[in-house]
Amino acid sequence: MAERLIQIRELTKVYQLGDVIVNALRGVSIEIERGSFVAIMGPSGSGKTTFMNIVGCLDKPTSGTYILDGVNVSTLARDQLAEIRNQKIGFVFQQFNLLARTTAVENVELPLLYSSRDGVNHGHAQALRALDWVGLAGRELHRPNQLSGGQQQRVAIARALINDPQIILADEPTGALDSRTSIEIMALFQKLNRESGISVIVVTHEPDIAQYSSRIIRFKDGQVVSDEPVRRPRNAQHELEVLPREEAAETEAVAP
C-alpha cells in the first residue's frame, strides 16, 4: 500500500471581506499518496486556489487538520511554514515569475538564497543540472526575454526542483502556452513524477490537461464534488513523437 504524503481532514477556510463572510473551503477531506500525479479542477470561486495555497503552506486553514509528510502543518507558525515550503515544496505558476534582468541559471538558484543546505558552488552546479534535466543545457546565460514561453516555463520548473522537493505544485502551468508547448511541459511533469517519484499536483481549468494526471479532484462551492482516477492517462511524450514538427514553432523561437 502506498504511503500517504498528504492527509487533510475537515479543512475549512473562512475569509471576512468587510461585512461579507466567505466560506472558501467547507469541510474538505483528501488524502494524496506519495508519488501521485493529481489534477485539481473547478470553476472560479470553487475553492481550488485556496486549497492549493494551504497545501503549499502559503496560508493556514481556519479549522481542520493538514498533515504533510507526518507533520501537522496546520498548527505551525508562519516562519515554520516558510521552512516547510522551502524544504518540501516546489512551485510552478502560469506566468513563470522569472526575474527579467537575471539569467536562467541565476533564476534557478534563487531558492537557494533561503536555504542553508548548500554552498554557493554546489548550488550553482545543482542549478546547471536542473536546467540540463529540463532540456535547457546551453541556455544558462539567457535572460527571460531571450527565451520562448515554453523555455521560460522550463526554467521555472528547474527552479522548483532546485531544493529537491517532495511535491511540485503547479498552478495553471500551461495557461500561457500554445498546444504543443503545453504537451511538452506535461511530458516534463510526467517524467519527473515517473523517474523521481516526486508528487505532482496541477491546478488546471483545461480538461485535456487534467487527463495527463492519474487522478482528478473537482471542487465546487468550497467542497470536493468528485474524486476519480484517470483510467488511461494521456502519454505526453508519445503524443509529442507523433505530432508534426511544424507545430513546434513557438518552442524553437529564441530571441537573438
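Arg215 is buried, because its relative accessible area is 18% and buried means under 20%. The model described here is predicted.

**Arg215 and its surroundings**

Arg215 belongs to strand β9, which covers residues 215–220. The side chain of Arg215 takes part in two kinds of pairing. It reaches the backbone oxygen of Glu31 at 2.7 Å. Side chain to side chain, Arg215 and Asp227 are joined by a polar contact of 2.7 Å. When neighbours within four places in sequence are left aside, the residues in contact with Arg215 include Ile30, Glu31 and Ile32, then Phe37, Val38 and Ala39. Asp227, Glu228, Pro229 and Val230 are also in contact with Arg215.

**Helix α6**

Helix α6 runs over residues 179–196 and has 18 residues. From its first C-alpha to its last, α6 reaches 26 Å, close to the 26 Å expected at 1.5 Å a residue. How much of α6 is buried? The helix is mostly covered, with 13 of its 18 residues buried.

Both ends of α6 have a feature to point out. At the start, a side-chain oxygen of Asp178 comes to within 3.3 Å of the backbone nitrogen of Arg180. After the helix comes Gly197, which has a positive phi, near 70°.

**Helix α2**

Helix α2 spans residues 78–88, and Leu81, Ile84, Asn86 and Lys88 in it are buried. What do the buried residues of α2 pack against? They pack against three strands: β4 (63–68), β6 (89–93) and β7 (167–171).

**Cavity and pockets**

The structure holds one cavity of 30 Å³ or more. The table sets out the spaces by volume and by the classes of their lining residues.

| Space | Volume | Nonpolar lining residues | Polar lining residues | Charged lining residues |
|---|---|---|---|---|
| Largest pocket | about 490 Å³ | twelve | four | two |
| Second largest pocket | about 230 Å³ | seven | two | two |

The lining of the largest cavity includes Ile54, Cys57, Asp59, Lys60 and Pro61. Tyr66, Val73, Ser74 and Leu81 also line this cavity. Leu81 is one of the buried residues of α2.

The largest pocket is lined by 18 residues. Which of these lie nearest its centre? They are Asn86, Ile89, Phe91, Pro111 and Arg159. Asn86 is also among the buried residues of α2. At least two residues of the lining come from each of α2, β6 and α5 (149–161). The largest share of that lining is supplied by β6, with four residues. Strand β6 is also one of the strands that the buried residues of α2 pack against.

The second largest pocket has α4 (120–133) and α6 each supplying at least two residues of its lining. Helix α4 gives the most, with four residues. Among the residues of this lining are Gln126, Arg129, Ala130 and Trp133. Leu161, Ile162, Asp164 and Pro165 line the pocket as well, as do Leu192, Ser196 and Ile198.

Technical notes:
Residues numbered from 1 in each chain as written. Predicted model: local features only at pLDDT ≥ 70, side-chain atom pairs only at ≥ 80, totals over all residues. Heavy atoms only, no water. Expected span 1.5 Å × (residues − 1). Buried < 20%, exposed > 50% of the residue type's maximum accessible area, 1.4 Å probe, protein only. Polar contact = N/O pair within 3.5 Å; in protein donor to acceptor, adjacent residues only side chain to side chain. Contact = heavy atoms within 4.5 Å. 1 Å grid on protein atoms, 1.4 Å probe; cavity = no way out; pocket = protein on both sides within 12 Å on 5 of 7 lines; lining within 4 Å. Points joined across faces, edges and corners; volume = space filled by probe spheres on them. Nonpolar A, V, L, I, M, F, W, Y, C, P; charged D, E, K, R; others polar.
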